[in-house]
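Subject: Structure handover

Hello,

Here is the structure I promised to pass on. Please open it alongside this note.

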Amino acid sequence: MSALLALGFGAPAALLALLALPALVWLLRVAPPRPQVVDFPPTALMRDLVAREETPARTPWWLLALRLAAVAALAIALARPVLDPSVADDGASGPLWLIVDDGWPAAPRWAETAAAIAARLDAAEARGRPVVLLGAASGPAQPVEARSVDEARRRLAVWAPAAWEERRDDLLAPLAREADARPPGSVVWIAHGADLATEPATRAFLERLREAARNAPLTVSLPPRVDTVAVDRLDNGAAATAAGLVRADPREADAVRLAALDAKGRRLAETEVAFAPGAARAEARFDLPLEFRNDVGRVEIVDRRSAGGVRLADERWRRRAVGVIAGGGFDRDQPLLAPTHYLDAALAPFADRRRPRATETDAAIRELLDGGVSALILADVGRLPKATAALLLAWVEKGGVLVRFAGPHLAAAASDDPLLPVRLRQGERSLGGALSWSSPRGLGPFAETGPFADLAAPAEVRVSRQILAEPGPDLAERAWANLDDGTPLVTAAQRGRGRVVLFHVGADTVWSDLPLSGVFPEMLRRIVALAGLPSNAATPPAGAAHAALPPWRLLDGLGRLGSPSAEARPIAVADFAATRPDRAHPPGLWGRGDAFLALQPIETGRDLARLEDRLDGATIVRRDGAARRPLAAGFLVAAICLLLLDGIVLLAPALRPRRRVAAVAIFAAVALAGLAAPPPARAANAPIDARARDAALAPRLAYVATGDASLDDVTRRGLAALTRALADRTSFEPADPVAVDPGVDDLAVYPLIYWSVSPDAAPVSPKALAHVDAFMRGGGTVIFDTRDADEAAALRGTGRATPTGAALRRLVAGLDLPELAPTPNDHVLGRTFYLLQAFPGRFEGPVWIAAGDAPGAEATADRPLRAADGVSSILITGNDFVGAWARTDDDDDLLPMASADPRGREMALRVGVNVVMYVLTGNYKADQVHLPALLKRLGR
């Protein structure tokens, strides 16, 4: 009975044909009887004559049932029955609102979510209902008007989960306006089952959604199991790297596998962590040496891919070695009162503290510098020998961070010390006490241009002594923190690639109680994090709080790092800490390759909850994950078989008895062979389709649609920019670039096909490989771009391939390729339009071509793809040409360049022009290769 309730129809109107069955019964009843063969005895014939009308013989009941079954099966087949256990039809009329949770928690089960959406769309189409299809993470900019089911299906085909969480409240205002114009018939919320919002916020959203929908029936579709797990914390501890996990449903035990990867995607360690029954959190540990722990670029959940299952690391996270030297000697007698005690306690959570064995300050500094420390803290160290000061200054200029704390020794030192950020007044300032007119001062707001800008100054901190700085025009610029009277508390200055930082108070509690406050460790952490970074990595210059960080590597919904999309917008440095991921600011790495910050998908300490516990009063249905099974094909085959059987029954009486069995067998065999035979192949001379005809009449560049929307968008924009450059600079005026599917489209009409390879590229079908192979044999050229030249350079000589390089090997494994070789410097590719010595894109690396593509080279058995007119049929690069060419809608640069050369994009565009000219013109400029030799002979 439950199976019948799960049966639906795509075209239920076709079931009206079943009403014709009674008429068919009447027609079959009045059919004349079957002729009989009898002898012709005249007398017997006359005896049987009667003078009354007789009713013809009826059709046999079994034949009537056979024909009725055939017609019924055909009618049901035309109605497109579907066995759908999810019961997607709610029976309502009017517009259907489909609200879909498409944030990162939906990524692991997105295929099931897409199937549930498709089932709802089929049910809406059967009832002729328009659909409002909205993503809860897609924002209010998406269309909210009721549209046709076909338009919704087109969106579903390219829909992918986002890398940020849902903001459901943003949809309420547009939905309310839509309900004013056209109230919904029903509302279906297809949820992933996890809730990142607070319980009051979720309940308020549900109530406001009912109000916006005019109290239309609300159904919430939930998965059978809520297994959402996120990584919300990553700590680089003193002994190991720890990752904190949080899950939405703590009712049952669960286990996940985590992997620690470096910046190049290489796996450093892997571990399994189990949640205890009833526990919402767990912790995973990676026991790695400090050198390997500092190489960790991200930690990710292996078996449940989502952006929330990834935790990124930037330069602030890496654990650095910090040397500590105290100027006073009383710490050996009273270690708990020494400055080193407070410094060790503050540095322990994020740095490796190193204390010198030497007791002399000169020898201790040299010992720590030789040990490779990233930062050095001098607590009340005054005068330094000139040689030691010069050595320390050279170390700072190379990127080290020197942190100095005030004290009696420093107060008596020279004020013009280059290892001080500002000139100091001799002596110290006393605040409070019997001999002072003033009272201890509190902290003022931290400077907006320093690394403490987003910290709140603790009100309980009091400073009773400090060293004052000489007033100067640059004092305000160098002050990172001040007292409430405006005098500096922390000052800093740039020295080469490093910094010199001075706390105008001591590192112990004699001059202030700052070391006892909770803000003191965070101040030290941010200062130490600057070690080894460029001067503008985390601290913008004075007046540049508006400086912006561009997107560099961003996460998608499945937790994969890739190039930024065209929608990503820079983030102001001052706003970075408060930025929440959204469509304009996805989680990922922001900045440049040498200095970047990580925007995490989920905040540290964020709670997850089961959405079902917060859905009071809503109708809940379960998606059990079973596949929808179309039944139309089965009913159609049954109808055909029944009609064939009816034909056999009609044919059999016309044959002689001895041939009936053979005829029936032959007829059945032919019928079954026709049903089992594959559909006829397309004729070789089939007419060209409209898409290929347009490409043949208006030449254009093509690119392979990979299914990755962000990657395809960058490729399209890059080829569009190259198309405009070709029209402006050459006589070739191509039309707009087009995406192709190698397994479906005719490739012969395109001169050049660009194939951007993604790390998780799916295997190519044999049919698509055959089309690509035929395209290259016919003289076409395919450019495979792995976009990983920088990663490949780091792995060169190790025998290991990048993830994208491994994906390329899988793609071309079925192609009959020639031997490949790097493009030589004198290759015709560098002379077809511009004179080029290299072929850079966003990155600069080798470009591989067919080794036998020199002019005049002949095809051999081991090199079947002979170059046509000296043009290589394949080019392989990792330089990301399209990324360098791509432009935004506002004609700005879409992606940052790895090179600092201001002419990098222009050179990349020239490479693109040369490649197209090379493909179109062949080897007509090949003689330029011999031009130096010809000029030399003419000179003689």
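Below is what was found in it, taken region by region.

**Ground rules**

This is a predicted model: local features need pLDDT of at least 70, side-chain atom pairs count only at pLDDT 80 or more, and totals for chains, interfaces and linings use all residues. Residues are numbered from 1 along each chain as its sequence is written, and side-chain values use heavy atoms, with hydrogens and water left out.

**The whole chain**

The chain has 25 helices and 39 strands. Helices (H or I, at least four residues) and strands (E, at least two) are DSSP runs, numbered from the N terminus. Of the 940 residues, 48% are buried. Buried means under 20% relative accessible area, exposed over 50%, and partly exposed in between (1.4 Å probe, protein chains only). Take the contacts between residues at least 6 apart in sequence: 74% of them join residues at least 24 apart. Contact means heavy atoms within 4.5 Å.

**Helix H6**

H6 covers residues 149–158, and its buried residues are Val149, Ala152 and Leu156. Seen down the axis of H6, they fall within an arc of 60 degrees, so they line one face of the helix. The arc is that of the directions from the helix axis to the C-beta atoms. Helix H5 (110–126) and strand E4 (131–135) are among the elements that cover this buried side. The face turned away carries the exposed residues Arg154, Ala157 and Val158.

**The sheet from E16 to E21**

Seven strands make an open sheet in the order E16-E15-E17-E18-E23-E22-E21, with mixed pairing. Two strands pair if DSSP finds at least two bridges between them. E16 and E21 are the edge strands, each pairing on one side only. The twist averages 15 degrees from one strand to the next. Axes are lines fitted to C-alpha atoms, for helices over the stretch in contact, and angles run from 0 to 180 degrees between N-to-C directions.

E15 and E16 run parallel, joined by four bridges. Arginine 320 has alanine 351 in E16 as its bridge partner. H10 packs on the sheet and touches E15, E16, E17 and strand E18 (401–405). The direction of H10 makes about 170 degrees with that of E15. H11 packs on the sheet too, touching E15, E16 and E17, at about 175 degrees to E15.

At the other end, E21 (residues 479–482) and E22 (residues 488–495) pair in the antiparallel sense over three bridges. Alanine 479 stands opposite threonine 491 in E22. The hairpin has five residues between the strands, and glycine 486 in it takes a positive phi near 90 degrees.

Which residues of H11 (residues 361–370) are buried? They are Ala364, Ile365, Leu368 and Leu369. Seen down the axis of H11, they fall within an arc of 130 degrees, so they line one face of the helix. They pack against strands E15 (320–326), E16 (351–354) and E17 (375–379), and against helix H12 (386–397). Just after H11, glycine 372 takes a positive phi of about 80 degrees.

H10 (residues 339–347) also meets H15 (residues 519–528): their axes come within 9 Å and cross at roughly 75 degrees. That makes H10 roughly perpendicular to H15 (angles under 35 degrees count as roughly parallel, over 145 as roughly antiparallel, 65 to 115 as roughly perpendicular and the rest as oblique). Tyr342, Leu343, Ala346 and Leu347 in H10 meet Phe520, Pro521, Leu524 and Val528 in H15.

**The sheet from E34 to E37**

Another open sheet has seven strands in the order E34-E33-E35-E36-E39-E38-E37, and its pairing is mixed. Its edge strands are E34 (735–740) and E37 (820–822). E36 (residues 781–785) and E39 (residues 874–877) run parallel, joined by four bridges. Isoleucine 783 has leucine 875 in E39 as its bridge partner. Helix H20 (residues 766–777) lies across E35 (752–756), E36 and E39, at about 125 degrees to E36.

**Two loop residues**

Arginine 787 lies in the loop between E36 and helix H21 (789–795). Arginine 787 is not a glycine, yet has a positive phi of about 60 degrees. Arginine 787 is buried, with a relative accessible area of 16%.

Aspartate 880 is in the loop between E39 and helix H23 (881–885). Aspartate 880 is not a glycine either, and has a positive phi of about 55 degrees. Aspartate 880 is buried, at 1% relative accessible area.

Best wishes
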